[in-house]
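Please look at the sequence and the structure shown here before reading on.

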Amino acid sequence: MEYGQEDKPLRVLDNLNFTMHGGDTVAIVGPSGSGKTTLLQLLAALEQPSSGYIELDKQKLSTLSTDELADFRRDNMGIVFQSFHLIDSLSALANAALPLDIAGHVDALPRAKKMLESVGLGHRVNHYPQQLSGGEQQRVAIARALVHQPRLILADEPTGNLDENTGKMVADLLFDLHAQSQATLVIVTHDMRLAKRCKKLFCLEKGKLIVEENRDLLV
Ligand code: ADP
Ligand code: MG
C-alpha cells in the first residue's frame, strides 16, 4: 500500500499476503506508524490497495463500486474506533440503532435496546454520550458496531483511550460477543495482553507482516 503522489510515494505496507478464516480472532500489533490503521482500513474497504487485492468471502473488494462497497460494509462489518466516534446529539439508544436505521430495519430501536442490555447499559439508553464515562461510551460504540450482527468486527485500538480496568472490561466484552456470534474479530492494539488473547498475531514492522499462530492458546 502506498500513499501520496506517483513521483514520491510513501510505501506503508509492502507485499502483504495472509488469510483469515471465519471466526478467527486476529491481533494486529506493531510500532506507531507501522501501518496498523492502514491495514484495518484496507480490510474495511475504506482505502483501496495501490496494488494487489483483498477478497472477503470470495468477493474481490476492488470489483465493487462505491455504492456496492457501502452496502457490503453495512451488511458485513462492524467497526470500533479508539475514540468511540459516537454522535453527540443522539442518545445511546439512537447511536446504537444507527446501522439498523440506515439499513431501513423497522425494529431498529428494540434491537438496539437489546444490544445495549447485552453490553450492560440497559439502564442508560436515554443518556447522551457526554453523560457517559469513556468505558460506557466505548460499550455504546461496540453495541452500535455489532447490532446488525456483522460477520467481520474490526477494532482499532478499542482500549487505547481507557484506563486499565475499563480497558479489560471492554476487551472482555468484545471477546464475549465474538464467542456468541462467531464473527471474525480483528483488533489493532498496543496491549500485548489483549493481543495474546487472539488466536493469531499479526506483527507489522517496516511494512512487512509477520504472522504467528498464538502458541499461548495452544498449550
Ligand atoms: P499506525 O496505525 O500503525 O500508527 P498508520 O496506518 O496510521 O499507522 O500510518 C502508517 C504510515 O502511513 C504513517 O507514516 C502515516 O503517516 C502514513 N499515512 C497514514 N495515512 C495516510 C494518508 N491518508 N496519507 C498519507 N500518509 C498516510
Ligand atoms: Mg493507528
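**The chain as a whole**

The chain holds seven helices and ten strands, where helices (H or I, at least four residues) and strands (E, at least two) are DSSP runs numbered from the N terminus. Its radius of gyration is 17 Å, close to the 17 Å that the globule rule gives for 219 residues, so the chain is as compact as a globular protein of that length; the radius is taken over C-alpha atoms, and the rule is 2.2 Å times the number of residues to the power 0.38. This is a predicted model, in which local features need pLDDT of at least 70 and side-chain atom pairs count only at pLDDT 80 or more, while totals for chains, interfaces and linings use all residues. Residues are numbered from 1 along each chain as its sequence is written, chains are lettered from A and ligands numbered from 1 in the order in which they are written, and side-chain values use heavy atoms, with hydrogens and water left out.

**Extent and packing**

- Taken along the principal axes, the C-alpha atoms of the chain fill a box of roughly 50 × 45 × 30 Å.
- Of the 219 residues in the chain, 47% are buried, a term that means under 20% relative accessible area, with exposed meaning over 50% and partly exposed in between (1.4 Å probe, protein chains only).
- Among the contacts (heavy atoms within 4.5 Å) with a separation of 6 or more, 65% are between residues 24 or more positions apart.

**Helix H2**

- Helix H2 covers residues 66-76, and Leu69, Phe72 and Asn76 are buried in it.
- Seen down the axis of H2, the buried residues fall within an arc of 60 degrees, so they line one face of the helix; the arc is that of the directions from the helix axis to the C-beta atoms.
- Thr66 and Asp67 are exposed on the other side of H2.
- The cover over the buried residues of H2 includes strands S4 (55-56), S5 (59-60), S6 (77-80) and S7 (152-156).

**Two loop residues**

- Aspartate 24 sits in the loop between strand S2 (10-11) and strand S3 (25-29), and it is buried, with a relative accessible area of 2%.
- Apart from its neighbours within four places in sequence, aspartate 24 is in contact with residues including His178, Leu185 and Lys199.
- Proline 49 belongs to the loop between helix H1 (36-43) and S4, and at 22% relative accessibility it counts as partly exposed.
- Leaving aside neighbours within four places in sequence, proline 49 is in contact with Met1 and Leu42.
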